[in-house]
Amino acid sequence: MVTEIDLPTGPADAVDDPAAGEPEPAVPDATRTGPPAPKPVAVVLAVILLLGVTAVFFGVFAFGLSGLQEQRSQHQLYAAFRGLLAPASPVAPSIGGDIPEGAPVAMVTAPDAGLDDVMVVEGTSSGDLLAGPGHLADTPLPGQAGESVLIGKSTTAGAPFGRIGHLHRGDRVTVRTGQGRFRFTVLGHLPPGARLPKITTDSGLLTLVSAASSGGLGVLAPDRLVYVVAKLDGKVAPTPPHQPTSVPTSQVQGHIDGGAWPFVLVWFVGLLAASAACWWLWTRWGMLRTWLVGAPVLLALLWGFSNEAMRFLPNAY
């Protein structure tokens, strides 16, 4: 007789496995390498840190990096002005009328004030003077009849007029414009509110304006304006018509450029957004990769913000 044996045919009939009913071991979470998850306190501290870094960078920019930027602008302006003065140039330098803001109009040399072929641009707002000294638009150019006013920074953006206070009676100032080279003799310093020497139709004056300090902080805290007046030696050059009769308040010596608010706000919002993006990338990429990608972007935004915020400083500062 043959005995039939039933064999297991499915999972229900499988041989018992001692480990079959045990749960699988939990996989530990990967070690967190980025910043902690953002909480209200962490966000507040991050904003305070960003404001601190921005303030420090602005100080470095104002008293250091803006000088490098001014030197670069001076080289470009010098090359453009020399090109306009070349006999073969089809375009001559602007010599009057409604001159475009930022255009090179003159070149100043005054050894006793440390000025050596310093380029002068049209316009005297804080933004204009980041490139070098500026010509007040409602005054004639140096060498023309009347009082020509040049304003320059004393502390920031390379401080091109930081030493005009060293000029004394009898010192010489030379100015090159599209009408030729003009020599001036310094008459002295003009106290604020004092009357200018009498100007006739066949004479010209040059007034250099900047800021200075009477306190112990020196150049870091200018609190007054300095006016140096020089008289033209020789004949005056013709004055073209259509000279502006007034300028905006931001162009007047000692004033700020309030129109910078929208631009400063845009740059700061971009800085906030980029900082938040770097925080997010840090949680996924780690610090090194985030730094390599984010640092150039943050530096560019800090530079742009600081450059626009410079317009909130008085133009002669």
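View A. Thr174 is found in strand β5, where strands (E, at least two residues) and helices (H or I, at least four) are DSSP runs numbered from the N terminus. This is a predicted model, so local features need pLDDT of at least 70 and side-chain atom pairs count only at pLDDT 80 or more, while totals for chains, interfaces and linings use all residues. Residues are numbered from 1 along each chain as its sequence is written, and side-chain values use heavy atoms, with hydrogens and water left out. At 19% relative accessibility, Thr174 counts as buried; buried is under 20% relative accessible area, exposed is over 50%, and partly exposed is in between (1.4 Å probe, protein chains only). Skip the neighbours within four places in sequence, and Thr174 is in contact with Met107, Val108, Thr109, Arg181, Phe182 and Arg183, contact being heavy atoms within 4.5 Å. Pro142 sits 32 residues away along the chain, with 9.6 Å between its C-alpha atom and that of Thr174.

View B. Searching the whole structure turns up 3 salt bridges, each one a side-chain nitrogen of Lys or Arg within 4 Å of a carboxyl oxygen of Asp or Glu. Here Arg172 bridges to Asp233, and the closest N and O atoms are 4.0 Å apart. Arg172 belongs to strand β5 (residues 172–177) and Asp233 to strand β8 (residues 224–233), so this pair ties together parts that are 61 residues apart in sequence. Arg172 is partly exposed at 49% relative accessible area, and Asp233 is partly exposed too, at 35%.

**View C. A salt-bridge network joins Asp257, Glu308 and Arg311.** These three residues are linked in a network of salt bridges. Arg311 meets Asp257 at 2.9 Å, N to O. That pair links distant parts of the chain, with Arg311 in the segment after α3 (287–309) and Asp257 in the loop between β8 and α2 (261–285), 54 residues apart. Glu308 also forms a salt bridge with Arg311, and there the closest N and O atoms are 2.7 Å apart. Buried or exposed: which are Arg311 and Asp257? Both are buried, with Arg311 at 16% relative accessibility. Glu308 is buried as well, its relative accessible area being 15%.

View D. The structure has 4 aromatic pairs, counted when rings of Phe, Tyr and Trp (its six-membered ring) have centres within 6.5 Å; planes under 30 degrees apart are stacked, over 60 edge-to-face, and the rest tilted. For Phe268 and Phe305, the ring centres are 5.8 Å apart and the planes are at 45°, so the pair is tilted. Phe268 lies in helix α2 and Phe305 in helix α3, so the pair ties together parts that are 37 residues apart in sequence. Phe305 is buried, with 11% relative accessible area.

View E. Trp279 and Trp282 make an edge-to-face pair, 6.3 Å centre to centre with 75° between the planes. The two sit 3 residues apart in helix α2, about one helical turn. Trp279 is partly exposed at 27% relative accessible area, and Trp282 counts as partly exposed at 25%. Arg289, meanwhile, lies over the face of Trp285, at 4.9 Å from the ring centre; the rule wants NZ of Lys or CZ of Arg within 6 Å of the ring centre and within 35 degrees of the ring normal.
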